Amino acid sequence: MKIALAADKAGFELKEYIKKFLTDKGYDVLDLTAAPAVDFVDSSVKLAQTVLAKKADRGVMFDEYGVGSAMASNKVHGMVTANVTEENTAHMTTQHNGAKAIAIGAGIVGPKLAENIVKAYLSVNYAGGRHQIRLDMLEKMY
């Protein structure tokens, strides 16, 4: 599985930590911000476009609080990103909402919790079925 990562300056250190964590676990990591993006809008939109173009299977973006990156990436038509601060949300948003990416706030989540969030996010696939109705409704909003 190829995982795209991106961060602004506030999330860069945590992104680097998670990059090493994923690489050590055998994931193929695509780092979209070898240097921190000036703004979370730049890094999150780049990640969204990369995932939607199928250059990566999933994505994880980092900024100070996670909310800004999630909001910006969700403006890209077809993208589903959730701001997560704990493991259950990372799991459920993927399984029930088909999250293509998650956003993590480095000012809220520390390295060990970030590891667990990313593990939970990557350990499950989208269930589809009855959950697809909501994704179809979101797609019609554009």
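How many residues does helix 1 have, and how far does helix 1 reach from its first C-alpha to its last? Helix 1 has 13 residues and spans 18 Å, close to the 18 Å expected at 1.5 Å a residue. The expected span is 1.5 Å times one less than the number of residues. Helices (H or I, at least four residues) and strands (E, at least two) are DSSP runs, numbered from the N terminus.

This is a predicted model, where local features need pLDDT of at least 70 and side-chain atom pairs count only at pLDDT 80 or more, while totals for chains, interfaces and linings use all residues. Residues are numbered from 1 along each chain as its sequence is written, and side-chain values use heavy atoms, with hydrogens and water left out.

Start with helix 1. Its buried residues are F12, L14, K15, I18, F21 and L22. Buried means under 20% relative accessible area, exposed over 50%, partly exposed in between (1.4 Å probe, protein chains only). Their cover includes strand 1, strand 2 (28–31), strand 3, strand 5 and helix 5. After helix 1 comes G26, with a positive phi near 95°.

Now the core. A nonpolar core is a set of buried Ala, Val, Leu, Ile, Met, Phe, Trp, Tyr and Cys residues joined through side-chain atoms within 4.5 Å. The largest one holds 23 residues, of which I18, L22, V60, F62 and I104 touch the most other members. Strand 1 (2–7), helix 1 (12–24), strand 3 (58–63), strand 5 (101–105) and helix 5 (111–122) each supply at least two of its residues. Helix 5 gives the most, with 6 residues. Apart from this core lies another, of 13 residues, among them A4, L47, V76 and M79.

Beyond neighbours within four places in sequence, L22 is in contact (heavy atoms within 4.5 Å) with I3, L5, Y27, V29, V118 and L122.

Helix 5 also holds E115. Is E115 buried or exposed? E115 is buried, with a relative accessible area of 12%. Its side chain makes a polar contact with the side chain of Y17 (2.4 Å). Such a contact is a pair of N or O atoms within 3.5 Å; within protein, one must be able to donate a hydrogen and the other to accept it, and residues adjacent in sequence count only if both atoms are side-chain atoms. Not counting residues up to four places away in sequence, E115 touches Y17, I18 and F21.

A99 counts as buried, at 5% relative accessibility.
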